[in-house]
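Here is my note on the voids, the core and the charged pairs. Please read it beside the coordinates.

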Amino acid sequence: MFETFLQLEPELRLAAFGGTIGMILLWEFLATKRPSELTFKRTLTHFLLMIVNSLALRFVMPILAFELALHVEAREMGLLPLIPAPEFVIFFISLVVLDLAIYTQHVMFHKIPFFWRFHRVHHADTGFDVTTGFRFHPGEIVFSMIYKVALVLLLGPSAAAVLVFEILLSSASLFTHANADMPRRLDSLLRLVIVTPDMHRIHHSRQGDEALTNFGFNLSLWDRIFGTYHRDPSLPHADMLIGTENISAQQAASFGTMLILPIHKD
């Protein structure tokens, strides 16, 4: 059923990424929410991190989540295939369960000091725009892939479900970091289902109590269920401070500084 779809995996990922970032850049240009911080040095650092992350996955990981899912599905391994339900139902259950797993991972990356050392590279950014959506330390990317590989082995989602989920996750990361304005009514409506930029921006607040809220990447219901939902920041979105304590905008924009940040003490 999904054979042709799976064969186009690289093209689908590239098209989704390029199309999403292009549309969001246009949205940011037409309806900017906060003063733009798209400086050359900062943007270059984000793209260099993305390139290094891609290389790290290929050189460090013997197999990636999608590739493993192909083998797991062929052998009918995992918990999900045991559910007596039609294929399309299992497909959507897989997407929801994987989304919950990523929410859980995100919470752990904030609560566990070792993982926070890597994740704070993402939060050190003093700007907030679509490029923040792919600003991650290579260590975090590798740990995240190990986590997803373990999930594939445990749950046994189909390769199609894993591919769709990873594309949704990548696109959602770009969308939720958009420095773009959205009508309040539309934002409130969308928040009933998905995470919006205004919702996620609060998670990037320099205020600790706000930064430990709104962990969701795609579906918003997990923050509501687990009590981590925060509706509005204490300051207007255009005025709120973005970033982490003790890391300046100059340091945050430096590729070398961010690469070695995990070995530095808080």
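**Notes on packing and charge**

1. Two cavities reach 30 Å³ or more. A cavity is a set of points on a 1 Å grid over the protein atoms alone where a 1.4 Å probe fits but cannot get out. Points are joined across faces, edges and corners, and volume is the space filled by probe spheres set on them. This is a predicted model, in which local features need pLDDT of at least 70 and side-chain atom pairs count only at pLDDT 80 or more, while totals for chains, interfaces and linings use all residues. Residues are numbered from 1 along each chain as its sequence is written, and side-chain values use heavy atoms, with hydrogens and water left out.

2. The largest cavity has a volume of about 60 Å³. Lining residues have an atom within 4 Å of a point; here they include Ala 65, Leu 98, Lys 148, Phe 165 and Glu 166. Helices H5 (87–111), H7 (138–155) and H8 (159–176) each give two or more residues to this lining. Helices are DSSP runs (H or I, at least four residues), numbered from the N terminus. The lining has seven nonpolar, no polar and two charged residues. Ala, Val, Leu, Ile, Met, Phe, Trp, Tyr, Cys and Pro count as nonpolar, Asp, Glu, Lys and Arg as charged, and the others, Gly among them, as polar.

3. The second largest cavity has a volume of about 40 Å³. Its lining has two nonpolar, four polar and three charged residues. Among them are Arg 34, Glu 37, Phe 128 and Asn 179.

4. The largest pocket has a volume of about 1200 Å³. A pocket is an open set with protein on both sides within 12 Å along at least five of seven lines. Of its 35 lining residues, Arg 13, Leu 57, Ile 141, Lys 148 and Ser 170 are the closest to the centre. H8 gives the most to this lining, with seven residues. By class the lining has 18 nonpolar, 10 polar and seven charged residues.

5. The second largest pocket holds about 410 Å³. Its lining has 22 residues, and Trp 116, Arg 120, Thr 244, Glu 245 and Ile 247 lie nearest its centre. The classes are six nonpolar, 11 polar and five charged.

6. The largest nonpolar core has 35 residues. Such a core is a set of buried Ala, Val, Leu, Ile, Met, Phe, Trp, Tyr and Cys residues joined through side-chain atoms within 4.5 Å. Buried means under 20% relative accessible area, exposed over 50%, partly exposed in between (1.4 Å probe, protein chains only). H8 gives the most to this core, with eight residues. Met 61, Met 145 and Val 152 have the most contacts inside it.

7. There are 12 salt bridges, each a side-chain nitrogen of Lys or Arg within 4 Å of a carboxyl oxygen of Asp or Glu. Arg 13 pairs with Glu 166 at 2.6 Å. That pair joins H2 to H8, 153 residues apart. Lys 148 also meets Glu 166, at 3.2 Å. Lys 148 lies in H7 and Glu 166 in H8, so this bridge ties parts 18 residues apart in sequence.

8. Arg 13 is partly exposed at 26%. Glu 9, Arg 13, Lys 148 and Glu 166 are linked in a network of salt bridges.
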